[in-house]
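This briefing is for a reader who is meeting the structure for the first time. Please look through the sequence and the model before reading the points below.

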Amino acid sequence: MFTLTINGDAREVDVEEGTPLLFVLRDTLGLTGTKYGCGIAQCGACTVLMDGAATRSCQLPVEAVGDSAITTIEAVETDEVGRRVVAAWIENEVPQCGYCQSGQVMAATALLKDTPDPADDDILYGMSNICRCGTYNAIAAAVRQAAKA
Amino acid sequence: MTTSSHTAAGLSRRTFLAGSGAFVLGAALPARVLAEAAGAGEGAAAMAPAPGTRVAAFIEIGADNAVRFLSPFVEGGQGIATGMAQTVGEELDVDPSRITVDYAPPGPDYLVVNGMRLTGGSFSTRSSFPVVRRLGATARDMMLRAAAARLEVDAASLSTSDGVVTHAATGRTLTYGDLAEEAMALTPREDVALRDPAAFRWIGKPVARIDVADKSRGLAKFTIDQVVDGMLFAAVVHAPYYGTEPLSLANAADVKAMPGVHSVHTLPGAVAVTADSWWRARKAVEALDVTWSDPAPSGIDTVAADFSSAAMRAALAASTAEGVSVEAEGDVDAAFAAAAKTVEAEYDAPYLAHAQLEPPSAIARFNADGTLEVWLPNQMPDAFLKLCAEAGGVAPEKVTLHQPMLGGFFGRHFTYGSGNPFPQAIALAKATGRPVKLVWSREEEFKMDAMRPLSFTRFKAAIGADGMPTAITARTVGEGPLGRYFGAAPDSSMVEGITEKPYAIANRAMESVALPHPVNIAFWRSVGHSMNDGFYESFLDEVAEGGGQDPFALRKALLAQSPRHLALLDEVERISGGWKRGPYTVDGTVRARGVAMASPFGSETATIAEVSIADGATKVHHVWVAFDPGSVVNPAIVKRQVESAVALGLSAVLVEQAVYENGQRRDANYDTYQVLRREMMPAVTVSIVESGAPMGGVGEPGLPGVPGAVVNAVAALTGTRVRSLPLANTALSGA
């Protein structure tokens, strides 16, 4: 049994050690906005914020979360930066299939919290999430807009 | 290999073949649709009882005036839901942003693609545009007549605006929701007028996509996100060699005792565990100690223990089988006999995975009343329904499909036999008596995904004394998905992009040779065009070089009698700042450009790519595409679709390959299966040219020009002509 802080709430979960946070979120807590893509921290679809930093939840064992605050896409707009990122995503019509975009939004939010006015290279190296639809240029445009908003 | 499991259910071979030409070439739409597309579609004949005519099957209007459109096409990122909302909204007179679009259930009303139903072949908009307009107009007319009866006025005295009927003389208004029940009871008229295109408010405009807000907030629900009360989670491990079977489990009792495990199963070609969470099911199934049957030791008839991509490529190249002519014109032998010079080259492209980000999944539930419900991703509902019925042992009318939007598809979600998880989910639900949600891990998906076929073509060209090509021949060896799944022979999906090129080369002889792959093969975004246009356009640059011609000038010369293609070349030249092949220096890097053209899915493209070389690898800086689909519904979505297709084309030409070694796929996940990442994404400039030609496809046509343009740019820069994709397999040095 672990007690996690998810989107500001304490949540008790009955899972084994070693269970990735991703599947605790999706299958135990029903927070399906965070996506499973690869399971090996390559694609970034499972990105959440852990104490404000982008973290790939598929490779984060539940016991490693400890007291850290986890923010998922479901609560990203409670954060001022996250609210601006989502607004920029919508205005720029970034998503195509949309499956990777929860992770992209979380990665962008973490980037802008750390680097409020990112250069192009900051976006390039700070946003390594895969998008199979190839929305990379739209993502970069939305990040730049959210930074200026 | 090619047993009944490879046959698409729900379609006789004859039925599909009637449509297969249209699937590939866009040339065989029903006469009524073509007539309407040409603007001649008014009158009673246009409303014969047929798919796409029953208003109630497509349009639902609630008492609260909410409007729902049941779409024949699944949304998977291509923007089709928005296009449907624009098109029906335009004629119905409802703002598209107020329309909810859902994927319609299986059934005869929705067979609007040449009497079939599929989301593919870049068919959605072009096949349904007149049909959906007419549905909207017919429904609006029913609203007007219902309002006229209610208000006891002449319908001609009424007007509509965004779902509200107004009687201007008295100021009285009624919403469509107020009228829906009475309106839907009326007999649809067969002669409704369509809106004058000059007065379009939404069609042809960059209307905002209706799905981006939910997708930006993590609210979109894919199949993998679905939950059913009381369900078990299931995970599978497939046989290490495709086609082999589980023989025994050494530790089934130990695995069954693992936390949360419900049951352990063997399935055709796989083992499975059900549990109370997916992670527990996965850990347990991967702990099973399975003895599998042995593959054949050698050969390419099956996926043998020594099967490899390299061996398959060698077999395609070594084939001496007689080919079947797929295009013949003029006298090739005479042209070669008279040639001043000849050029010959061999091209190949690898197997490719779809690598859509959403791993495949399915939920199956047998209900107490004998019905079966299945949640699954699909591009062809009626075929999946029939297969679900067969897998569940129930009659098709007892099956209900739930069909969420797709987390990417690119051709992934047709029926590919063992390449789909739903038969396993159904088998497990039947065995356990519980609803079962089966998710394939990424590793299982990369093991079982049906693949874009590896392909091989040998070209020869004859060049005259003036440096112009006088003849071209091509011999393509292999197998395509239209042949595999629908019996097409010769298989146009093998040779599209080599045949029907627009260039005025008088003597042509193109042939295909059927040599089946032992692996599961698939439709993949732009199908045969995904490799063949690249082969042809690269070889055309070799022909240009052989004749001492500039490749851009040669294309213009060969298209001198084709205004539509010349206009595209002019446009791509304009948006790229004028043709310059290079090498030249920009920002301290030496760069060069390549050009390629393609005519896929009823549309036309001209593409220029600019590249440099860094650390032996190709860096693409900019891709310019002039794109002529005839006419468009949403230019913003079209541009994004072309950019998306460019990205996938770049992925294919630069880095992507699904490799077999020793009978197994080499790459199990994205760490080694390379796909286009952010650092590889160039600037993309798209210019839409609306020539007014019959509407062509959008989702796929942006891809086929990309490989050729990039390979040609690399050749211009390095002097190295890479004929085997991806480029990453060849170490390159910059000029």
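Predicted model: local features only at pLDDT ≥ 70, side-chain atom pairs only at ≥ 80, totals over all residues.

Residues are numbered from 1 along each chain as its sequence is written, chains are lettered from A and ligands numbered from 1 in the order in which they are written, and side-chain values use heavy atoms, with hydrogens and water left out.

**Domains of chain B**

- The domain assignment divides chain B into domain 1 (4-215), domain 2 (223-293 + 360-439) and domain 3 (310-351 + 452-729); such bounds come from an automatic or database domain assignment.
- Taken over C-alpha atoms, the centres of domain 1 of chain B and domain 3 of chain B lie 36 Å apart.

**Interface of domains 1 and 3 of chain B**

- In domain 1 of chain B, 31 residues are in contact with 27 residues of domain 3 of chain B, contact meaning heavy atoms within 4.5 Å.
- About 2,100 Å² is buried between domain 1 of chain B and domain 3 of chain B, and carbon and sulfur atoms give 65% of that area. Buried area is the accessible area (1.4 Å probe) that two parts lose on being put together, summed over both.
- Eight residue pairs, both residues at pLDDT 80 or more, are in polar contact across the interface of domain 1 of chain B and domain 3 of chain B. A polar contact is a pair of N or O atoms within 3.5 Å; within protein, one must be able to donate a hydrogen and the other to accept it, and residues adjacent in sequence count only if both atoms are side-chain atoms.
- On the side of domain 1 of chain B that touches domain 3 of chain B, α1 (13-25), α4 (80-92) and α5 (124-151) of chain B each supply at least two residues. Helices (H or I, at least four residues) are DSSP runs, numbered from the N terminus.
- The largest share of that side, seven residues, comes from α1(B).

**Arg282(B)**

- Arg282(B) is found in helix α9 (residues 278-287) of chain B.
- With 10% relative accessibility, Arg282(B) counts as buried; buried means under 20% relative accessible area, exposed over 50%, and partly exposed in between (1.4 Å probe, protein chains only).
- The side chains of Arg282(B) and Glu443(B) make a polar contact (3.0 Å).
- Leaving aside neighbours within four places in sequence, Arg282(B) is in contact with Tyr36(A), Ala235(B), Ser441(B) and Glu443(B).

**Salt bridges**

- Over all chains, a search of the whole structure finds 50 salt bridges.
- One joins Asp211(B) to Arg209(B), with the closest N and O atoms 2.9 Å apart; Asp211(B) is buried at 9% relative accessibility, and Arg209(B) is buried at 7%.
- Glu390(B) and Lys386(B) form a salt bridge (3.2 Å, N to O). These two residues are separated by about one helical turn because they are four residues apart in helix α12 (residues 381-392) of chain B.

Key: Salt bridge = Lys/Arg side-chain N within 4 Å of Asp/Glu carboxyl O.
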